[in-house]
Amino acid sequence: MILFLFLGFLAGAALVGGVMGWQRQRTRRRLQEMAAQVEAIRVSSLNQRLSLDAKSGAEAPLLHSLNNLLARLQNVFESQRSFVINASHKLRTPLTMITGQIEVTLIKARTAEEHEQTWRSVLQDISRLNQLSNDLLELAQLSADRFRLVPQPVALDEVIYQAGAKLKARRPSYQIKLEFAPQLDELDGPLTVPGDAHLLEQAFLHLLENGCKFSPDRQVRVELGLDAEHAVLQFQDHGSGIAAPELPRIFEPFFRGANARQVPGHGIGLALVQGVMQLHQGSIEVAPAPEVGTTFIVRLPL
């Protein structure tokens, strides 16, 4: 009896060992097949996915994770390619204008007044080109995972005033109407939030400029207030408003709606503003009122 039990144990152990050996070989073979598929994927074929039939195997979670990684890589690569193409196009336009003006000026002799007029126009184009490159750099930095915010107390009214002063220096005809909500009277000092003053100033500058250039009277109304957990800023223009189908895309880089086709711009400002708000753990939303105007509502944690 004991002999039979012993022989049964040996047979069972041999069977288990054989199954485990077969399973290891099968797993090794399937992993090698997956590795070969990964090695075959190139930048031009990031849309490919691993096709190993591992739904019921131990490799299924790994296969799923690798395919998710490939999908994220494809999205990042396509976003970067689209960014480069659009940025190149935006940069080429002012450069073409500058080159054309200089070439026309050099065709024949010009008076001093004509030269001055040309160079003033070229200077404006260079200024716009410089602003565009700065915005592109800011947007690229905000998109980088390595960017880390070092928050400091920021007085929001001061930042709005500074952004407004820069805008007035650039566009003297623009008007900014700043109002304070009644609850701010209860504060002992200015309304402050933790953040980066430079980034917030850049974001507010874009919102102020957008509000003015889309308003027939070139005026934007800004209200500074707060709720239980956030500082709340509202930027309201008096333009034609944003069409409802375009609302989901207004924060996309380089997107410009139908109401912006006759207004100078590059479609970068709102994307930059959203990036700054996300970096500050805040938010921005739009409250459109067709034929009346658009209000952008910014919330920043206190």
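Student: Which residue just after α6 takes a positive phi?

Tutor: That residue is Q281, with a phi of about 60 degrees. The model is predicted, so local features need pLDDT of at least 70 and side-chain atom pairs count only at pLDDT 80 or more, whereas totals for chains, interfaces and linings use all residues. Residues are numbered from 1 along each chain as its sequence is written, and side-chain values use heavy atoms, with hydrogens and water left out.

Student: What makes the phi of Q281 worth a remark?

Tutor: The value is positive in a residue other than glycine. Most residues other than glycine have a negative phi. R218 is also not a glycine and has a positive phi, of about 55 degrees.

Student: Where do Q281 and R218 lie?

Tutor: Q281 is in the loop between α6 and β6 (283–289), and R218 is in the loop between α5 and β4 (219–226). Helices (H or I, at least four residues) and strands (E, at least two) are DSSP runs, numbered from the N terminus. The chain has 6 helices and 7 strands, in the order α-α-α-β-α-β-β-α-β-β-α-β-β from the N terminus on.

Student: Why is Q281 called exposed?

Tutor: The classes rest on relative accessible area: buried is under 20%, exposed is over 50%, and partly exposed is in between (1.4 Å probe, protein chains only). Q281 has 64% relative accessibility and therefore counts as exposed. R218, at 32%, counts as partly exposed. H64, which lies in helix α2 (residues 60–107), has 52% and therefore counts as exposed.

Student: What makes α6 largely enclosed by the rest of the structure?

Tutor: Of the 11 residues of α6, 9 are buried, and for this reason the helix is described as largely enclosed. Among the buried residues are G269, L270, V273 and M277. For the chain of 302 residues, 36% count as buried.

Student: How do you know whether T295 is buried or exposed?

Tutor: The relative accessible area of T295 is 11%, and T295 is therefore buried. T295 belongs to strand β7 (residues 293–301). Contact means heavy atoms within 4.5 Å. Leaving aside neighbours within four places in sequence, T295 is in contact with Q234, F235, Q236, E285, V286 and A287.

Student: Which residues meet where α4 and α5 pack?

Tutor: The contact includes L156, V159, I160 and L167 in α4, and L200, F204, L205 and L208 in α5. Its residues divide into 11 nonpolar, 2 polar and 4 charged. Here Ala, Val, Leu, Ile, Met, Phe, Trp, Tyr, Cys and Pro count as nonpolar, Asp, Glu, Lys and Arg as charged, and the others, Gly among them, as polar.

Student: How many aromatic pairs does the structure hold?

Tutor: There are 2 aromatic pairs. Rings of Phe, Tyr and Trp (its six-membered ring) pair if their centres lie within 6.5 Å; planes under 30 degrees apart count as stacked, over 60 as edge-to-face and the rest as tilted.

F204 and F235 lie 5.8 Å apart, centre to centre, with 35 degrees between the planes, and form a tilted pair. F204 is in helix α5 and F235 in strand β5 (residues 230–236), 31 residues apart. Both F204 and F235 are buried.

Student: Why is the pair of F251 and F296 given its class?

Tutor: The angle between the planes is 75 degrees, and the centres are 6.5 Å apart; the pair is edge-to-face. F251 lies in the loop between β5 and α6 (269–279) and F296 in strand β7, so the pair ties together parts that are 45 residues apart in sequence.

Student: What makes F251 and F296 count as buried?

Tutor: F251 has 16% relative accessibility and therefore counts as buried; F296, at 7%, also counts as buried.
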